[in-house]
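Colleague: I have some questions about this model. Can we go through the contacts in turn?

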There are 2 protein chains.
Amino acid sequence: MRAVCVIGLGLIGGSVLRAAVRSGRRSWGATASEEDAAAARAAGYEVLPSTEEALDRAAAADALVVIATPLPAVGAVLRQVNRHAPTAWLTDVVSVQEPVLESVRESAPAARYAGGHPMAGTDRSGWDAGSAELFEGALWAVTIDGSTGLDAWREAATLALDCGALVVPASPAEHDAAVARISHLPHVLAAVLASVGGDGGPLAVSLAAGSFRDGTRVSSTDPDLVRAMTEGNRAALLDALDDTLGRLGAARGSLASTGSLNSTLRSGYLARAGFEARGEHEPVRGSVPLDAGHALRRLREIGESGGRVVSLRGDTAVVELPPAPEESAPEE
Amino acid sequence: MRAVCVIGLGLIGGSVLRAAVRSGRRSWGATASEEDAAAARAAGYEVLPSTEEALDRAAAADALVVIATPLPAVGAVLRQVNRHAPTAWLTDVVSVQEPVLESVRESAPAARYAGGHPMAGTDRSGWDAGSAELFEGALWAVTIDGSTGLDAWREAATLALDCGALVVPASPAEHDAAVARISHLPHVLAAVLASVGGDGGPLAVSLAAGSFRDGTRVSSTDPDLVRAMTEGNRAALLDALDDTLGRLGAARGSLASTGSLNSTLRSGYLARAGFEARGEHEPVRGSVPLDAGHALRRLREIGESGGRVVSLRGDTAVVELPPAPEESAPEE
């Protein structure tokens with residue numbers, strides 16, 4: 001099994017290090033946070049004194065390097081990768097993929113890179129918030145663009161599977177557009193809802209119950225971490241915000257003019273029903289041969305249609321696709 | 001203990017009937033839903049064949065009548081109250097209070113009325129979704145306006161306390177403004193988020209995780225029930241929507257121009273921290289004599305400042321107030 005070198009040992013990086021060790025891989029890390037380093041060492045994990053030393057060892061061991069820092073720190077780490085382990089197997093766990101890809105092209109062009117983003121987290125951050133089980137059953141996007149090598153993709157996807165996740169192949173742009181809507185936008189809306197609720201004063205805060213608690217939950221995440229991911233996905237998030245302002249303005253207009261929120265509420269109800277129905281039906285299993293010329297293109301199509309890779313066996317990816325919509329019963 | 005007559009046996013009304021019986025009160029109900037009536041009877045509760053018969057019995061027993069129908073049905077029930085139990089003790093459990101008060105003034109002006117709204121619920125609806133425990137530890141607004149009688153307020157508040165809730169005194173207008181922000185707005189935002197996420201297609205729906213799940217949870221509520229409460233609170237909800245559009249537009253503008261979401265995220269983080277801190281500190285206990293001329297005004301001030309009534313003993317309301325903000329430690 002390929003060794004793993006994790007740079008950044010916060011919630012996600014720390015969980016990757018734990019899960020990699022649990023899967024039987026030789027693994028070590030490095031972090032700029034003395035607090036995270038001390039906590040990881042106290043838990044028995046190997047933390048090298050510097051990123052450089054961790055990368056030197058990665059080069060010697062032909063390890064897979066995992067960049068697990070916030071987006072603003074990625075460029076500096078990549079320049080270190082280029083100096084100490086220029087042709088390393090390389091992935092990341094950053095929540096925005098296009099900027100990381102651009103940064104890799106600029107700063108570590110010889111690295112054998114495929115980006116990654118596990119869809120898992122908690123409201124808390126830092127080493128102590130993580131666990132080896134964080135990724136169990138979670139989805140983990142592993143990105144594919146025109147320059148991705150099949151071997152590099154496979155290394156990143158295998159780590160995700162070893163951590164207990166299911167792999168969703170996607171292009172960096174598609175990934176970023178999707179997470180703008182289902183991860184970054186929810187953080188912005190939660191913050192706005194929390195503020196508008198708080199503006200209602202002590203009575204409103206006192207009466208707030210389940211709908212407010214759930215709607216604002218993620219606004220308790222460290223604002224600096226949320227800034228790093230949302231601001232790093234500016235173009236896609238602006239697109240999602242414009243759609244939101246459009247729909248919310250239409251709701252406001254309809255309520256003011258006709259008194260009705262029917263269209264807004266019914267659309268939301270149906271969209272949520274689609275989300276809830278994701279896991280209801282048995283998925284269709286299939287396989288993709290990984291030696292074919294079009295393997296990566298086929299994998300990306302599977303991700304786009306809502307499918308995922310559940311295992312990599314030999315030269316085959318075992319995939320699950322959402323079932324085709326049910327046929328209507330024939331009329332009598 | 002005063003008998004209780006519940007009109008409407010869905011989630012909330014059905015839970016009130018169960019909790020009233022559990023508290024030892026003689027209680028019965030009526031509902032236009034044959035399904036709810038059958039389920040309540042099967043569970044051993046007394047459901048009269050019609051609202052008229054339930055109200056006739058309420059008049060004979062000097063019972064407290066609880067209106068637990070959706071807002072659009074309240075007017076018709078009040079006209080029946082005026083015919084069959086015109087001077088009844090009367091409260092309601094409707095999520096918007098000013099329209100109910102206006103309707104009472106118009107259709108059942110002799111009723112001894114104080115409005116009520118328990119801050120409890122689930123995503124599901126109907127008798128089967130309810131339970132006697134639904135209100136345990138929940139807040140229950142009992143409204144006070146210029147025409148509220150202390151005796152009527154006390155009847156409604158005692159029922160809420162008997163159901164296991166804590167009572168928040170508030171004017172109908174203050175109540176409606178508060179719930180627009182912390183209950184109705186969350187439903188509209190959840191619906192909009194669900195739609196914008198769904199617009200992202202199968203990849204977005206597939207990648208959606210905790211932040212999307214929590215942010216859209218209440219969009220799975222029956223849209224007709226959400227319409228009844230949100231559309232019934234039009235003016236206050238428009239005000240909350242305008243604040244939301246303002247804050248969201250400012251976030252969009254800041255992200256587009258400077259690339260920063262700092263102000264939006266930090267405001268939301270602080271507002272959520274205020275919400276989370278609600279229960280952290282030991283509240284200050286106090287009491288309000290209920291025979292004083294200004295008892296209702298004092299109770300309303302307590303609700304406005306985030307306090308609640310925890311019991312009514314003899315002629316005294318025992319209240320809890322949020323602790324005063326901590327003094328800063330003196331500088332050395």
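Colleague: Is A:Arg217 buried, partly exposed or exposed?
Modeller: A:Arg217 counts as partly exposed, at 23% relative accessibility. On this scale buried means under 20% relative accessible area, exposed means over 50%, and partly exposed is in between, with a 1.4 Å probe and protein chains only. This is a predicted model, where local features need pLDDT of at least 70 and side-chain atom pairs count only at pLDDT 80 or more, while totals for chains, interfaces and linings use all residues. Residues are numbered from 1 along each chain as its sequence is written, chains are lettered from A and ligands numbered from 1 in the order in which they are written, and side-chain values use heavy atoms, with hydrogens and water left out.

Colleague: Which residue forms a salt bridge with A:Arg217?
Modeller: B:Asp214 does, with the closest N and O atoms 2.1 Å apart. A salt bridge here is a side-chain nitrogen of Lys or Arg within 4 Å of a carboxyl oxygen of Asp or Glu. B:Asp214 lies in helix H9 (residues 210–216) of chain B and A:Arg217 in the loop between helix H9 (210–216) and helix H10 (223–231) of chain A, so the pair joins two chains. Helices are DSSP runs of H or I with at least four residues, strands are runs of E with at least two, and both are numbered from the N terminus. B:Asp214 is partly exposed too, with a relative accessible area of 21%.

Colleague: How many salt bridges are there between chain A and chain B?
Modeller: Eight. Another salt bridge to look at pairs the side chains of A:Arg266 and B:Asp224, at 3.0 Å from N to O. There are also 34 residue pairs in polar contact between chain A and chain B, both residues at pLDDT 80 or more. A polar contact is a pair of N or O atoms within 3.5 Å; within protein, one must be able to donate a hydrogen and the other to accept it, and residues adjacent in sequence count only if both atoms are side-chain atoms.

Colleague: Which helix of chain A gives the most to the side that touches chain B?
Modeller: Helix H7 (residues 172–198), with 19 residues. By class, that side of chain A has 42 nonpolar, 29 polar and 21 charged residues. Ala, Val, Leu, Ile, Met, Phe, Trp, Tyr, Cys and Pro count as nonpolar, Asp, Glu, Lys and Arg as charged, and the others, Gly among them, as polar.

Colleague: And what area is buried between chain A and chain B?
Modeller: About 8100 Å², of which carbon and sulfur atoms give 70%. Buried area is the accessible area (1.4 Å probe) that two parts lose on being put together, summed over both. In chain A, A:Leu207, A:Leu248 and A:Arg272 lose the most area to chain B, together 9% of what that side buries. The contact takes 92 residues from chain A and 92 residues from chain B, contact meaning heavy atoms within 4.5 Å.

Colleague: Changing topic, which domains is chain A divided into?
Modeller: Domain 1 (4–170), domain 2 (176–278) and domain 3 (283–321), with bounds from an automatic or database domain assignment. The C-alpha centres of domain 1 and domain 2 of chain A lie 30 Å apart.

Colleague: What do domain 1 and domain 2 of chain A bury between them?
Modeller: About 940 Å², 57% of it on carbon and sulfur atoms. On the domain 1 side, the elements that give two or more residues are helix H4 (71–84) and helix H5 (98–107) of chain A.

Colleague: Back to salt bridges. Which residue does A:Asp145 pair with?
Modeller: A:Arg105, the closest N and O atoms being 2.5 Å apart. A:Asp145 lies in the loop between S7 and helix H6 (150–162) of chain A and A:Arg105 in helix H5 of chain A, so the pair ties together parts that are 40 residues apart in sequence. A:Asp145 is buried, with a relative accessible area of 16%, whereas A:Arg105 is partly exposed at 46%.

Colleague: Last one: what is the phi of A:Asp62?
Modeller: Near 50°, a positive value in a residue other than glycine. A:Asp62 is found in the loop between helix H3 (51–61) and strand S3 (64–67) of chain A. A:Asp62 is also linked with A:Arg2, A:Arg112 and A:Glu155 in a network of salt bridges.
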